[in-house]
Amino acid sequence: MSTLNENITKLDGFLERFRDGGIMNRIAGQDVFGADGVFQNTSPVDKSYICDVAHGTAADIDAAANAASDAFAEWRDMPALQRKKILIKIAEGIEARAEEIALCECWDTGQTYKFMSKAALRGAENFRYFADQVVQARDGQQLQSPTLMNVTTRKPIGPVGVITPWNTPFMLSTWKIAPALAAGCTVVHKPAEASPLTARLLVEIAEAAGLPPGVLNTVNGFGEGAGKALCEHPKIKAIAFVGESATGSLITKQGADTLKRNHLELGGKNPVIVFDDADLDRALDAVIFMIYSINGERCTSSSRLLVQDTIREEFEAKLIARVNNIKVGHPLDPKTEIGPLVTEEHFNKVTSYFEIAKEDGATIAAGGVTVGDEGYFIRPTLFTNANNQMRIAQEEIFGPVLTSIPFRTEEEALEMANDIDYGLTGYVWTNDLTRALRFTEALEAGMIWVNSENVRHLPTPFGGVKASGIGRDGGDWSFEFYMEQKHIGFATGQHKITKLGAL
């Protein structure tokens, strides 16, 4: 495994070209300056300048949407096996540049090399998986009726917009873009303004793999400019978005006049429920992993711990010891487990909950402090002596911050777990099978894991209920979003047709 100094040296080489030329928009296979000039991209590690980034506006989005529209027919009609080969080459290109992607993402977002070293490979896996589905993606059904042979098929919906967040941006971009391309759609991608580096790498890799110009376009910018224009553009038929629930609501409003189809993967305040009959050592490992990995900046993090009162004291004592032992440090150090938060704005939001916890009457049992004065580092934090009505239990903090809440009975645990605006994931720890079946049936969440952390299986549906989103990703669910169903009925005889106006 490489050392911190080795990774810094490699990163410096990867970033050199961006320092010189910045990050341009990529439209119809050409580098394009932003209509509103540039904005600066900085690293959360030490607040240092990375590069200039094209500041895209509605004019850039219009050019990209037109390019995607112009390229759509050729990409849609390209033989499935040919499109499959291109997607596989993209996967191979990602694998070949995995280290570059990982190091750039660490510096851009503050995520640690420990986790980002695998993120690029997961992105390649997304492309390989959907490449394997290309040939049958448009298959339909034959549905017989007394007078008709009914045939269904699916067709790509057209040019689509993809808006991705700053937490694990490369992997999440491939999660959206790979199925869109596999379905036969063309794409306008607006990455988060805080993490533009790897979006640029992805479009380079795709074009080098043979993706025709205009099939994948990247426009950098801000939500109120480029993002709004993308959601409103009449040539964009659907928007796939990952981010905050409030932004998801705004996107729905912005796309209403053009009747956009939306897939919204939004926030969560996910419960992990630990019963006293669980394997407590494994539960402890999973609780820690699901809130403190990825800097706590993940929608599926288990940020509410509901722990049975009979084991609460023992479980929290072990939890505190482990949390205090988590290594915070430079994200390019392979030993670091938590790096800096992504931006100053987000750092201020997360750290504001330290005071909110005190105002709520909770105890800061671990963390609750910042680290150093160079970047946006905080200690992983645990709040105890909390209840489910506190702000720290109801609001999505989106950082390495866990709120522990005791419960007495299964009924009380279920009531607290569901007493929330969100419904993305839930995690249940119990060795009672009938309880697990009963509890998961009643738990209001789109995804639930029993005696496990989040283990993603690509064919399964990914998405939430309530304020956590609309629609599902994964497997055939992705194709249902990026494609339109089409029905054709063939008469099998001369059935009676009702005559109107006949003498």
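1. I488 is placed in strand β24 (residues 483-491); helices (H or I, at least four residues) and strands (E, at least two) are DSSP runs, numbered from the N terminus. At 36% relative accessibility, I488 counts as partly exposed. The classes used throughout are buried (under 20% relative accessible area), exposed (over 50%) and partly exposed (in between), with a 1.4 Å probe and protein chains only. Together with M149 and F490, I488 forms a nonpolar patch on the surface, with about 240 Å² of accessible area together. Patches are made of residues with over 30% relative accessible area and no salt bridge; like charges are joined within 9 Å, and nonpolar side chains (Val, Leu, Ile, Met, Phe, Trp, Tyr) within 5 Å. Accessible areas come from the Shrake-Rupley method with a 1.4 Å probe, and for residues only the protein chains shown count as cover.

2. A remark on the basis of this note. This is a predicted model, in which local features need pLDDT of at least 70 and side-chain atom pairs count only at pLDDT 80 or more, while totals for chains, interfaces and linings use all residues. Residues are numbered from 1 along each chain as its sequence is written, and side-chain values use heavy atoms, with hydrogens and water left out.

3. The count of salt bridges is 28, a salt bridge being a side-chain nitrogen of Lys or Arg within 4 Å of a carboxyl oxygen of Asp or Glu. One of them joins R26 and E207, whose closest N and O atoms are 2.7 Å apart. R26 lies in strand β1 (residues 25-27) and E207 in helix α7 (residues 197-208), so this pair ties together parts that are 181 residues apart in sequence. R26 is buried, with a relative accessible area of 16%, whereas E207 is partly exposed at 22%.

4. Helix α7 also holds E204, which forms a salt bridge with R97, the closest N and O atoms being 3.2 Å apart. R97 lies in the loop between α3 (80-96) and α4 (98-109), so the pair ties together parts that are 107 residues apart in sequence. E204 counts as buried at 17% relative accessibility; R97 is partly exposed, with a relative accessible area of 23%.

5. A further salt bridge is that of E265 and K176, at 3.7 Å from N to O. E265 lies in strand β11 (residues 261-265) and K176 in helix α6, so the pair ties together parts that are 89 residues apart in sequence. Both ends are buried: E265 has a relative accessible area of 2% and K176 one of 1%. Elsewhere, salt bridges that share partners join R17, R26, D31, R97, E100, R200, E204 and E207 into one network.

6. The aromatic pairs come to 11. Rings of Phe, Tyr and Trp (its six-membered ring) pair if their centres lie within 6.5 Å; planes under 30 degrees apart count as stacked, over 60 as edge-to-face and the rest as tilted. W166 and F398 form an edge-to-face pair, 5.6 Å centre to centre with 75 degrees between the planes. This pair links distant parts of the chain, 232 residues apart: W166 is in the loop between β7 (160-163) and α6 (169-183), and F398 in the loop between α13 (391-394) and β18 (401-407). F398 is buried, with a relative accessible area of 15%.

7. F275 and F439 also form an edge-to-face pair, with 5.6 Å between centres and 85 degrees between the planes. F275 is in the loop between β12 (271-274) and α10 (280-292), and F439 in helix α15 (residues 433-442), 164 residues apart. Both F275 and F439 are buried. R435 lies over the face of F275, at 4.1 Å from the ring centre; a charge sits over a ring if NZ of Lys or CZ of Arg is within 6 Å of the ring centre and within 35 degrees of the ring normal. Likewise, the charged end of R83 sits over the ring of W75, 5.9 Å from its centre. Y129, F130 and F479 form one aromatic cluster.

8. The count of disulfides is 0, a disulfide being a pair of cysteine sulfur atoms within 2.5 Å. For C51, the closest cysteine sulfur is that of C104 at 9.5 Å, too far for a bond. C51 is buried, at 0% relative accessibility. For C299, the closest cysteine sulfur is in C231, 19 Å away and too far for a bond. C299 is buried, with a relative accessible area of 13%.
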